[in-house]
Amino acid sequence: MTENKLFQLANENFNYSVSFRRDFHQHPELGFQEIRTSEIIAKELINLNFEVKKNIGKTGVLGVLKGTSDGPTLLLRFDMDALPIHEENTSNFASKNEGIMHACGHDGHMAIGLTIAKILSTFQDQLNGTIKIIFQPAEEGLGGALATIEDGVLENPRPDYCLGLHIWNEKPLGWIGVNSGSMMASADTFEIIVNGKGGHGGLPHQATDPIVCAAQIISTIQTIVSRNISPLDNAVVSFGSIKGGSTFNVIPDSVYLTGTIRTFDPQIRFEIIKHLEKISKSVGDGMGCKIEFSLDEVTPAVINNSKIATDLQHVIQKLFPSFSVDLNFKTMGSEDFSYFLNKVPGCFYFVGSANPDKNLIYGHHHPRFDFDEGVLPIAVASLLCVIEEFGCLAIQSVDS
Ligand SMILES: [Zn+2]
Ligand SMILES: [Zn+2]
């Protein structure tokens, strides 16, 4: 494979990574409820000589390691929360918390973060600048990134760069995906309330039917992506729920629609929101219904800094020459690491973690999701090599 010393160190710490990963997996906690998880992380970071701040963004933990000489400040982010899913795996480290499961791999992310902290702490005298590691709560659409930012994670000192990663079970071990620009979509949720006038199903002329109006709105909104957005751009508008009425022969007073918007570009996002509101209100107007439209921004698009992404690509290709590195990776999934990237230049990337030979093939958020733990040292080494590339770590990691 490779002669890289940082990869060797990551492999030597494999059991350390796995024991944390499995412990977190057995004891998953939902977003903003990561009490046990954050206590374990804080205790370990203190053991490793980090300055530790607890309760950052409610249940987050910040570890800071200062080097012995000047250099950049680098922020590494790992997410901590599990999902409200009943685990169907029967491994000896399956979830002990009924109805809660680490089904996205954040247990692995925390193990990667702690292993990096452990290795960096042994090189503190060769560290330039400052490493800040944020263990972030509530990534799964609950606002954890923003909560840590509001609690000052980007201040004192302010990071020069930020880095984050996600293990990725859509691809096998030996695959890495990155992009020098927009990589993950923005996610918004919208709600449309169609207010009409209820009545007898047999006497529709005496009512203003919100069901027919809602159907027209849903159909017409399909034209936003096909008619208002350039065919060369990417966007999704999907409805996820329709609620209205209670029985077959009564026209209800109102219908509730919810959905999501995904795009890679803030300008396209703006255009979609504008058309969504305009179309629903115009159709409602034409059919005599009153429309209430509201929008919630869940996450902005993940847009990498092109210079940092290019440096990261070179580091990874040098570290793992036999890997398949997709330099134009994009997904319509979303990630709240985007809030960090909007304030600090940085890069997010994906590390393949599936292994069909071991039947580790189920996707993220599936009740049988599990990943090949061989991804842990790969992810640890890749981040350490980027830290070295940024001039924070002054060890010679590559044998000549
Ligand atoms: Zn997830
Ligand atoms: Zn995730």
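Contacts between residues 24 or more positions apart make up 80% of those in the protein with a separation of 6 or more, two residues being in contact if their C-beta atoms, placed from the backbone, lie within 7 Å. The model is predicted: local features need pLDDT of at least 70 and side-chain atom pairs count only at pLDDT 80 or more, while totals for chains, interfaces and linings use all residues. Residues are numbered from 1 along each chain as its sequence is written, and chains are lettered from A and ligands numbered from 1 in the order in which they are written.

Ten helices and 16 strands are present in the protein; helices (H or I, at least four residues) and strands (E, at least two) are DSSP runs, numbered from the N terminus. Along the principal axes, the C-alpha trace spans about 85 × 45 × 45 Å. Of the 400 residues, 48% are buried, that is, they have 20 or more other C-beta atoms within 10 Å of their own, with C-beta atoms placed from the backbone.

The domain assignment gives domain 1 (5-182 + 301-389) and domain 2 (186-299), with bounds from an automatic or database assignment. The centres of the two domains, taken over C-alpha atoms, are separated by 37 Å. Nine residues from domain 1 and ten residues from domain 2 form the contact.

Gly 391, with a positive phi near 85°, follows helix 10.

Conventions. A residue is buried if 20 or more other C-beta atoms lie within 10 Å of its own, exposed if 12 or fewer, and partly exposed in between; C-beta atoms are placed from the backbone.
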